[in-house]
Every structure is written in C-alpha cells, then in structure tokens.
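User: I'm new to this one. Can you walk me through it in short steps?

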Amino acid sequence: MSNLLPRARTYALRGAPPFHLQQRVGLAVLSLLLLLACIPAALAHEFKVGDLEIEHPWSRATPPGAKVAGGYFTVINKGSAPDRLLSISSDISDKAELHEMGVKDGVMTMRPVEGGLEIPAGGKVALKPGAYHLMFTGLKRQPKQGEKFPATLTFEKAGSVNVEFAVEGMGETASGDMDMDHAD
C-alpha cells in the first residue's frame, strides 16, 4: 500500500499516464464487438402468442398500381400440441389469404390453403417466396421499402396476435418464361 501513495501523488500532480496503443486498440475492438452484437436484435422483429413465436414478418415493396402483395414469416411452435394458422387480416388490403405454391405438370400454381395451416408441435413452418405465403389482395395503398404495416394473425389455439410486416425492396422478379396459374 505504501507503494501506491507516491504513484497516486505523481498522477495527481502530473496527470494520468499515457493511454498506451495496445489499450486503445483493445478498447476499440471491444466497442466494435459490442456494437456488432446489437445489430441482429435491431434488425429482427419477433412476436409471441401462447407457445408460438412469429419471426420476421416481411413483405416486398410493390410497383405503382399493383393490387396484390405477398407476406412472409416463420412460425415456431414451442408447445407440445399442434396449432393452426386460421386467418390473416390487415388494413393495407381488402383481403388477406394463406396461399401455397407448387408445380404441377410443369406449370407453377398458386392456390388458397383451405382449413388453415398446421404448425406442428415442437416444429416450425416457414412462409416464404415459392412456398406457403400470404397474399394481400385489393391493396388500399402500396407498401414502400423501409416502412412497416400492421396485420393480425389468428391461430386456432393460441388466439390472435398483432404483428408488423417490414417492407423490403422489390428484388428480382420471376423468369418471364414461367407459366403461372393463379386459381381461386
């Protein structure tokens, strides 16, 4: 302890010792790591209802005059019983439906899913382009990149949950030589 007293007096009179380069680099690296650790939490958005977790609901921006938009997300069922997505509603469109895409005889088809979509116990279902997805039809306004719009998902057991769809860029369009049959 007697060694510390003279050093403390010296620092008090002359100021603190210089901050060494190694210490500065270490502090900068630590700050960068902490900042990077926060980014996924800031970008992701999740919602929970009962045993279900809804991860990153998103949609694409639409061109002017478009009457439909898609909706995508993943549902994880952490429970011991299956549940079922029954309905979707949003004030961005007149109607919202669950659809399934598939290929039959070389023709891509898209059809509404009747009776809802089962979310298996302990499992997950991804709604994504080219597979199960939501269709927002009769758009009341165009979703624009960078904004969010609200929707309500209703499940058979877990009930209803309000979510926000993050609108991402339009991205690539499907190949022009692909036939598509959208049946009601």
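User: Start with phenylalanine 136 and phenylalanine 165. Buried or exposed?

Analyst: Both phenylalanine 136 and phenylalanine 165 are buried. Keep in mind that this is a predicted model.

User: How many aromatic pairs does the structure hold?

Analyst: It holds 5 aromatic pairs. One of them joins tryptophan 58 and tyrosine 72. Their ring centres are 4.5 Å apart and the planes sit at 35 degrees. A pair is stacked under 30 degrees and edge-to-face over 60, so this one is tilted.

User: Where do tryptophan 58 and tyrosine 72 lie?

Analyst: Tryptophan 58 is in strand E2, residues 52-60. Tyrosine 72 is in strand E3, residues 68-77. The pair therefore ties together parts that are 14 residues apart in sequence.

User: And why does tryptophan 58 count as buried?

Analyst: Its relative accessibility is 15%, and buried means under 20%. Tyrosine 72 has 8% relative accessibility, so tyrosine 72 counts as buried too.

User: Back to phenylalanine 136 and phenylalanine 165. Why is that pair edge-to-face?

Analyst: Look at the planes of phenylalanine 136 and phenylalanine 165. They are at 85 degrees, so the pair is edge-to-face. The ring centres are 5.4 Å apart. This pair also links distant parts of the chain. Phenylalanine 136 belongs to strand E9, residues 133-139. Phenylalanine 165 belongs to strand E11, residues 159-168. They are 29 residues apart.

User: New topic: charges. How many salt bridges are there?

Analyst: The count comes to 4 salt bridges. Side chains of opposite charge can pair when their charged atoms come close. One of the bridges is between lysine 78 and glutamate 53, at 3.4 Å from N to O.

User: What parts does the lysine 78 and glutamate 53 pair tie together?

Analyst: Lysine 78 is in the loop between E3 and strand E4 (83-89). Glutamate 53 is in strand E2. So the bridge ties together parts that are 25 residues apart in sequence.

User: Is lysine 78 buried or exposed?

Analyst: Lysine 78 is exposed, at 57% relative accessible area. Glutamate 53 is buried, at 16%.

User: Which side chain does glutamate 118 meet in a salt bridge?

Analyst: Glutamate 118 meets arginine 84, at 3.3 Å from N to O. Glutamate 118 sits in strand E7, residues 117-119, and arginine 84 in strand E4. The two are 34 residues apart. Glutamate 118 is partly exposed at 40% relative accessibility. Arginine 84 is partly exposed as well, with a relative accessible area of 24%.

User: How many bridges pair E4 and E7?

Analyst: E4 and E7 pair over 3 bridges, in the antiparallel sense. Within that pairing, leucine 85 has leucine 117 of E7 as its bridge partner.

User: What about E4 and strand E10? How many bridges join them?

Analyst: 4 bridges join E4 to E10, residues 148-155. Those two strands run antiparallel. Serine 87 stands opposite threonine 154 in E10.

User: And E10 to E11? Parallel or antiparallel?

Analyst: E10 and E11 run antiparallel, joined by 8 bridges. They form a hairpin with 3 residues between them. Phenylalanine 155 has glycine 159 in E11 as its bridge partner.

User: E2 and E11, then. Parallel or antiparallel?

Analyst: E2 and E11 pair in the parallel sense, over 3 bridges. Arginine 60 stands opposite glutamate 168 in E11.

User: Last one: serine 93. Where is it found?

Analyst: Serine 93 is in strand E5, residues 93-104. With 3% relative accessible area, serine 93 is buried. Its side chain reaches the backbone oxygen of lysine 95 at 2.9 Å.

User: Which residues is serine 93 in contact with, leaving aside its neighbours within four places in sequence?

Analyst: Serine 93 is in contact with Phe136, Thr137, Gly138, Leu139 and Lys140.

Definitions and conventions: Residues are numbered from 1 along each chain as its sequence is written. This is a predicted model: local features need pLDDT of at least 70, side-chain atom pairs count only at pLDDT 80 or more; totals for chains, interfaces and linings use all residues. Side-chain values use heavy atoms; hydrogens and water are left out. Rings of Phe, Tyr and Trp (its six-membered ring) pair if their centres lie within 6.5 Å; planes under 30 degrees apart count as stacked, over 60 as edge-to-face and the rest as tilted. Buried means under 20% relative accessible area, exposed over 50%, partly exposed in between (1.4 Å probe, protein chains only). Two strands pair if DSSP finds at least two bridges between them. A polar contact is a pair of N or O atoms within 3.5 Å; within protein, one must be able to donate a hydrogen and the other to accept it, and residues adjacent in sequence count only if both atoms are side-chain atoms. Contact means heavy atoms within 4.5 Å.
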